Amino acid sequence: MSTFSAPKGTYDLIPPGSADFLAVREAISAPLRRAGYGYVETPGFEQVELFARGVGASTDIVTKEMYTLTTKGGDELALRPEGTASVLRAALQANLHRGALPVKLWYSGSYYRYERPQAGRYRHFSQVGAEALGAEDPALDAELVILAADAYRSLGLRDVRLLLNSLGDAECRPVYRAALQEFLRGLDLDEETRARVEINPLRVLDDKREAVQRQLAGAPLMRDHLCEACKGYHEQVRDLLTAADVAFEDDPRLVRGLDYYTRTTFEFVHDGLGAQSAVGGGGRYDGLSEMIGGPALPSVGWALGVDRTVLALRAEGVTPELPAHTEVFAVPAGEEARRTLFGLLTVLRRSGVAADFAYGGKGMKNGMKSANRSGARLALVLGERDLAEGVVQVKDLASGEQEAVPLASAVERVRAKLS
Ligand code: HAM
């Protein structure tokens with residue numbers, strides 16, 4: 001062991017467990033790629049101000065959880081705590097919004113939040129996200145929710161629930177906010193929470209403390225304050241989800257930890273994860289572009305947490321289908337056989353076969369041990385006598401059956417056996 005270990009709240013992905021993370025990223029991004037989403041990648045840090053204005057200056061993410069730094073040149077930067085503000089910034093900077101709308105983008109990467117670490121909550125974590133910019137259309141909200149639900153389904157997860165709400169728009173939300181504030185001001189709350197009532201009253205609904213929750217029983221709900229346009233929009237989203245066979249639960253108290261949401265908001269939760277049950281979340285953010293200095297650009301998106309999705313798979317005992325692991329393992333005996341077999345290995349790999357080799361000159365017995373441990377289906381064994389006869393032994397590692405195949409047709413034969 002070295003004297004160093006990964007920083008608090010972080011962990012390394014190491015084989016074989018790391019394969020689950022790749023499988024999850026692949027399962028989430030495949031439906032997006034099929035649905036016309038283009039890949040976007042932005043820097044790991046941005047100006048602090050982008051997140052302060054975008055995510056919200058009074059949110060926990062901005063006030064408590066951002067990793068900020070001042071560069072030698074005096075710039076105030078923050079490691080990105082989320083992807084939406086950055087992706088929108090990048091799209092506006094590249095003038096994508098001047099072309100055909102909606103602009104559909106997906107991304108995958110690392111995010112950083114200085115949170116109190118616990119199971120499922122880390123200071124460095126990984127998300128795959130999708131954003132559809134520049135269209136106000138309930139079918140677009142539905143498309144994104146369906147793609148996320150399909151991704152979870154394709155992974156074999158059964159216990160993911162979808163919670164759905166509408167947070168209203170610039171017309172009806174201020175009226176609701178005032179009504180909620182009025183109600184909250186009459187409660188017995190500590191000083192910090194009373195301050196939150198004035199700055200960000202919707203967040204109070206998300207207070208997990210029993211003493212607060214008890215008092216919230218009669219709180220006014222956004223649902224009862226939606227304007228006609230928001231009500232109609234939400235009904236259409238619900239109908240489209242139902243038609244697509246995506247089950248959801250109306251959760252009129254669902255508020256999110258980021259301030260940019262309007263109308264459709266949702267969260268995917270998994271009950272096998274304890275306190276950190278949200279495996280993914282998102283919603284519509286019609287005002288965010290203007291908040292960061294852009295034109296009006298109604299948009300919707302989500303991000304799914306890769307770490308928590310992997311935890312959910314493990315909680316359900318599901319093993320995701322692994323990306324190509326070793327199919328063929330080559331074991332040489334002797335120097336010349338070694339050179340020949342290494343050449344064959346390279347040709348096999350170039351033809352698309354996942355293959356590995358007994359490196360380190362360990363001898364036949366240890367080489368076969370490595371072959372068995374690798375999980376490969378076939379071993380290729382080449383000894384002095386085989387070499388003299390111009391053949392290679394192709395051994396099925398499960399059945400033990402072995403056949404001598406001419407070296408010249410070995411690639412073809414191996415591929416036929418694997419298919
Ligand atoms: P979020 O709900 O903050 O939304 O994060 C999305 C997902 O990232 C969460 O559901 C969770 O699975 C994962 N996640 C968040 N924080 C942590 C953490 N500390 N440790 C492990 N996993 C975590 C957003 O980030 C929005 N940008 C989503 C969005 C996209 N909305 C519209 N477009």
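**View 1. Helix 13 and helix 16 are oblique to each other.** In this predicted model, local features require pLDDT of at least 70 and side-chain atom pairs pLDDT 80 or more, whereas totals for chains, interfaces and linings use all residues. Residues are numbered from 1 along each chain as its sequence is written, and side-chain values use heavy atoms, without hydrogens and water. Helix 13 (residues 335-350) packs against helix 16 (residues 410-418) at an angle of about 50°, the axes lying 10 Å apart. Angles under 35 degrees count as roughly parallel, over 145 as roughly antiparallel, 65 to 115 as roughly perpendicular and the rest as oblique. Leu344, Val347 and Leu348 of helix 13 meet Ala410, Val411 and Val414 of helix 16 in a contact (heavy atoms within 4.5 Å).

**View 2. Tyr67 and Tyr114 form an edge-to-face aromatic pair.** The ring centres are 5.7 Å apart, with 90° between the planes. Rings of Phe, Tyr and Trp (its six-membered ring) pair if their centres lie within 6.5 Å; planes under 30 degrees apart count as stacked, over 60 as edge-to-face and the rest as tilted. Tyr67 is partly exposed at 28% relative accessibility, and Tyr114 is likewise partly exposed at 44%. Buried means under 20% relative accessible area, exposed over 50% and partly exposed in between (1.4 Å probe, protein chains only).

**View 3. Phe342 and Phe357 form an edge-to-face aromatic pair.** Their centres lie 5.5 Å apart, with 80° between the planes. Phe342 is partly exposed, with a relative accessible area of 37%, whereas Phe357 is buried at 4%.

Terms used. Axes fitted to C-alpha atoms, helices over the stretch in contact; angles between N-to-C directions. Helix = DSSP H or I, 4+ residues; strand = E, 2+ residues; numbered from the N terminus.
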